[in-house]
Amino acid sequence: MTLDPVVLFFVLGLLAALAKSDLKLPPALYETLSVFLLIAIGLKGGVALSKLSGSAVLWQVVAVIVLGAALTLLAFAVLRWRLGRADAAATAAHYGSVSVVTFAVASAYLSRQGVEAEPQLTVFLAVMEMPALVVGVLLARMGGDKRVNWGRLAHEVFLGKSMVLLMGGLLIGWIAGAEGIKSLSPLYIDMFKPVLSLFLLEMGLLTAGKLAGLRTQGLFVVAVATLMPLLFAGIGMAAAVAMGLSVGGAMLLATLCASSSYIAAPAAMRIAVPEANPAISLAASLGVTFPFNLLLGIPLYLWLAQQVYA
């Protein structure tokens with residue numbers, strides 16, 4: 001198996017940080033790259049979605065929302081064996097939610113393999129964030145007397161940077177269509193993979209910093225962070241078959257289910273479940289699951305989809 005060049009940039013950053021190199025990207029550049037990727041993903045999905053009937057995918061969106069909630073409940077049941085309620089609920093919210101960067105890498109990998117996917121997968125990416133965070137908060141508060149500031153939480157979920165940029169790009173692409181964004185294509189379409197490679201270089205540096213947290217969390221968290229993506233990918237694959245998605249669509253939905261959030265979920269859990277230890281969820285999601293999906297999971301999910309559809 002030959003790794004995609006953009007993934008090799010992640011490996012470079014990871015190895016550089018582990019070797020204690022002084023390699024760093026300016027914080028402002030990291031923010032700029034993340035803004036670019038979110039807008040680019042949204043625009044591409046919106047343009048493709050403009051060619052479809054909205055009613056044709058409505059029931060799929062509802063199914064994906066239910067799927068996100070179900071994955072959170074399942075993750076909580078597994079994590080509760082060894083973790084307290086707050087930590088299990090917060091970590092489950094990370095795993096019921098999704099990773100935009102993992103989705104971007106999977107989309108680039110599909111493109112490299114010449115495999116197409118349905119445009120509504122970008123919509124799935126956006127809507128799977130919400131149910132996981134809400135269910136995670138409810139699980140943390142069940143049986144307790146602490147109140148949740150739902151207004152503040154809703155603001156974080158629906159008006160957070162990632163959601164605004166992703167949905168904003170989706171809406172602009174849908175309204176403008178392919179002709180309308182043609183002048184933007186040299187930046188947002190042609191430059192997508194080069195920008196993604198720089199972002200993954202930074203993610204490699206960041207991931208190395210989270211590996212130290214695994215020493216205090218034990219083998220259980222490492223095992224869960226490795227095995228749960230495989231289980232969730234299988235569930236996502238089954239859901240994709242039931243929805244009638246293509247091979248590419250099934251692979252991307254499996255990747256979404258297997259991924260875990262390390263941007264929106266930590267911010268929301270910090271507000272709603274402040275007693276949870278963020279070191280556990282971030283060490284699992286960013287220290288183990290993210291690199292696992294990039295290096296092994298994404299090619300595996302495509303192979304699995306091809307076998308299922310064969």
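Let's start with E202. Contact here means heavy atoms within 4.5 Å. E202 sits in helix α11, residues 192–210. Helices are DSSP runs of H or I, at least four residues, numbered from the N terminus.

Some ground rules. This is a predicted model, so local features need pLDDT of at least 70 and side-chain atom pairs count only at pLDDT 80 or more, while totals for chains, interfaces and linings use all residues. Residues are numbered from 1 along each chain as its sequence is written, and side-chain values use heavy atoms, with hydrogens and water left out.

Back to E202. It is buried and has no salt bridge. Buried means under 20% relative accessible area, exposed over 50%, partly exposed in between, with a 1.4 Å probe and protein chains only. A salt bridge is a side-chain nitrogen of Lys or Arg within 4 Å of a carboxyl oxygen of Asp or Glu. For E202, the nearest side chain of opposite charge is K24, 9.5 Å away. On charge, Lys and Arg count as positive, Asp and Glu as negative; His and the chain ends are not counted.

So where is there a salt bridge? The structure holds 1. E179 and K182 pair up through their side chains, 3.2 Å from N to O. E179 is exposed, at 62% relative accessible area.

Next, helix α15, residues 278–309. It has 32 residues, but its end C-alpha atoms are only 39 Å apart. A straight helix would reach 46 Å. That expected span is 1.5 Å times one less than the number of residues. There is also a kink in α15, about 55 degrees, centred on N293. The bend at a residue is the angle between axes fitted to the seven residues ending there and the seven starting there.

At the N-terminal end, N277 is the cap of α15. One of its side-chain oxygens lies 3.1 Å from the backbone nitrogen of A279. A279 is in α15 and is partly exposed, at 35%. A279 and K210 are 69 residues apart in sequence, yet 8.1 Å apart in space, C-alpha to C-alpha.

Further into the numbering of α15 comes S285. Is S285 buried or exposed? Buried, with a relative accessible area of 0%. A polar atom of its side chain lies 2.8 Å from the backbone oxygen of S281. Leaving aside neighbours within four places in sequence, S285 is in contact with H94, Y95, S260, S261, Y262 and F290.

How values were computed. Helix = DSSP H or I, 4+ residues; strand = E, 2+ residues; numbered from the N terminus. Polar contact = N/O pair within 3.5 Å; in protein donor to acceptor, adjacent residues only side chain to side chain.
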